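This report goes through a few features of one protein model, section by section. Please look at the sequence and the structure before reading on.

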Amino acid sequence: MVSDDNYTEWKEKVLLTLGCSDLDLALRVDEPPIPTESSTPATKADYERWEQSDRLSLMLIKTHISQSIRGSIPNNDKVKAYTKAIDEQFVSSDKALTNTLMKRLSSMTFDKSRTVREHIMEMRDIVAKLKFLEVDMSEPFLVHFILNSLPAEYGPFKIS
């Protein structure tokens, strides 16, 4: 299920599921014209395939969104428009999450409640989340934050 902090990962998994199920046609191709009685059987079949893809994709996506979030997304009967509305809903969430993670990273200090290794791994995890949100975090930047988060008694370690 999608939540405020896993949207990008959720979207990748949903698109993979739709692709593997061969249901992503409606997301990849614009809606063809509605066939008429004079349309060829191939044109009618193409439209039916697109329409089925649209309907099933929309159903799958809606079932993987929690009810509380679904209420804030404008309802739409076409999957392309619905996914665009979801994207717009979560753009601001990504910005807020980035801000939260940056504040958390910059204010972290080692408090001896766990090992130094666990402290560093937590900081690396935050940086990985920021990279996933497309925030460029280089290794020297991370090392700088880690060293600054350690207390003065780790001075010799900081120097080496």
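In which helix is the place of Phe145? Phe145 lies in helix H7, residues 139-149. Helices here are DSSP runs of H or I of at least four residues, numbered from the N terminus.

## About the model

The model is predicted, with local features needing pLDDT of at least 70 and side-chain atom pairs counting only at pLDDT 80 or more, while totals for chains, interfaces and linings use all residues. Residues are numbered from 1 along each chain as its sequence is written, and side-chain values use heavy atoms, with hydrogens and water left out.

Phe145 counts as buried because its relative accessibility is 16%. Buried means under 20% relative accessible area, exposed means over 50%, and partly exposed lies in between (1.4 Å probe, protein chains only).

Leaving aside residues up to four places away in sequence, Phe145 touches Leu105, Ser106 and Met123. A contact requires heavy atoms within 4.5 Å. Phe145 and Phe157 are twelve residues apart in sequence, and their C-alpha atoms are 14 Å apart in space.

## Helix H6

Helix H6 covers residues 116-132, which is 17 residues. From first C-alpha to last, H6 reaches 24 Å, close to the 24 Å expected at 1.5 Å a residue. The expected span is 1.5 Å times one less than the number of residues.

Which residues of H6 are buried? They are His119, Met123, Ile126, Val127 and Leu130. These residues are on the same side of H6 because they cover an arc of only 100 degrees around the axis; the arc is that of the directions from the helix axis to the C-beta atoms. An α-helix has 3.6 residues a turn, so residues three or four places apart point the same way.

## Helices H1 and H3

The axes of H1 (residues 7-20) and H3 (residues 41-63) come within 11 Å and cross at roughly 145 degrees. Axes are lines fitted to C-alpha atoms, for helices over the stretch in contact, and angles run from 0 to 180 degrees between N-to-C directions.

H1 contributes Trp10, Val14, Thr17 and Leu18 to the contact, and H3 contributes Ser57, Leu60 and Ile61.

## Positive phi angles

Asp22, in the loop between H1 and helix H2 (25-28), has a positive phi of about 60 degrees although it is not a glycine. With 45% relative accessibility, Asp22 counts as partly exposed.

Lys112 is also not a glycine, and has a positive phi of about 65 degrees. Lys112 sits in the loop between helix H5 (79-107) and H6. Just after H6, Glu134 takes a positive phi of about 65 degrees.

Key. Helix = DSSP H or I, 4+ residues; strand = E, 2+ residues; numbered from the N terminus.
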